[in-house]
Amino acid sequence: MRCIYCGHDDSKVLDSRPADDNFAIRRRRECLSCGRRFTTYERVENVPLVVVKKSGKRDIFDRNKLLTGLIKACEKREISLEQLESLVSEIERELMNEPEREISTEKIGELVMNKLQKVDPVAYVRFASVYREFKDVETFMKEIENLLKKTREGRQDP
Ligand SMILES: [Zn+2]
């Protein structure tokens, strides 16, 4: 942290404490060159994720919306709410780690499908049918065929 008095690049931290109801950290610093003291505030960067829909409309990413969609897709399946919540958290974390703050609904859909496929194939197909907006029955059937093939191949594994 650059000293506000002499411009020196190095300072030592004398004291750190939470500020603004824990949304920031206040640090008391001492310049290693001139010895003068100054205070800095560190704030957690909280830039929301923006979801870009096919229509070009933008929305703030809402994990509850995603969770609701998953609960619907997993109706009557043996997946606990806890499992779904951790799936959503995993997805959210991955999205937060992306360098872009704008993410297409398609990309989110793909992420969800990749994970759901491993958890529950039936829920996956349900979710996929909504997200991929299958244009015709043929595409939908192909998807199910692929899925069955994968399941069969999986069974052959020792
Ligand atoms: Zn200084």
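This is a predicted model: local features need pLDDT of at least 70, side-chain atom pairs count only at pLDDT 80 or more; totals for chains, interfaces and linings use all residues.
Residues are numbered from 1 along each chain as its sequence is written, and side-chain values use heavy atoms, with hydrogens and water left out.

R29 is found in strand β2, strands being DSSP runs of E with at least two residues and helices runs of H or I with at least four, numbered from the N terminus. With a relative accessible area of 8%, R29 is buried; the cut-offs are under 20% for buried, over 50% for exposed and partly exposed in between, with a 1.4 Å probe and protein chains only. Setting aside residues up to four places away in sequence, R29 touches several residues, including M1, F38 and E42, contact meaning heavy atoms within 4.5 Å.

Now the metal. The zinc ion is coordinated by the SG atoms of C3, C6, C31 and C34, at 2.2 to 2.4 Å; donors are N, O and S atoms within 2.8 Å of the metal (3.2 Å for Na, K and Ca), and because water is not among the atoms, sites may look incomplete. The angles among the four donor atoms run from 105 to 116°, and the site is tetrahedral, a label that asks of four donors that all angles lie between 85 and 135 degrees. For comparison, the ideal angle for four tetrahedral donors is 109.5 degrees. C3 lies in the segment before β1 (11-19) and C31 in strand β2 (residues 24-31), so the pair ties together parts that are 28 residues apart in sequence. Both C3 and C31 are buried.

Turning to the chain as a whole, we find five helices and six strands, in the order β-β-β-β-β-α-α-β-α-α-α. The largest nonpolar core has 25 residues, of which L70, L95, I108, V112 and L116 touch the most other members; such a core is a set of buried Ala, Val, Leu, Ile, Met, Phe, Trp, Tyr and Cys residues joined through side-chain atoms within 4.5 Å. At least two residues of this core come from each of α1 (63-73), α2 (81-96), α3 (105-119) and α4 (121-131). Beyond its neighbours within four places in sequence, I108 is in contact with V51, F61, L66, L95 and I103.

Which residues of α1 are buried? They are L66, L67, L70 and A73, and, seen down the axis of α1, they fall within an arc of 120°, so they line one face of the helix, the arc being that of the directions from the helix axis to the C-beta atoms. K65 and K72, on the other side of α1, are exposed.

Finally, two loops. P48 lies between β3 (37-43) and β4 (50-52), counts as partly exposed at 40% relative accessibility, and touches I60 and R101, residues up to four places away in sequence not being counted. K54, in the loop between β4 and β5 (58-60), is exposed, with a relative accessible area of 58%.

Notes
Four donors count as tetrahedral if all angles lie between 85 and 135 degrees; four count as square planar and six as octahedral if opposite donors are over 155 degrees apart and all others between 65 and 115; anything else is irregular.
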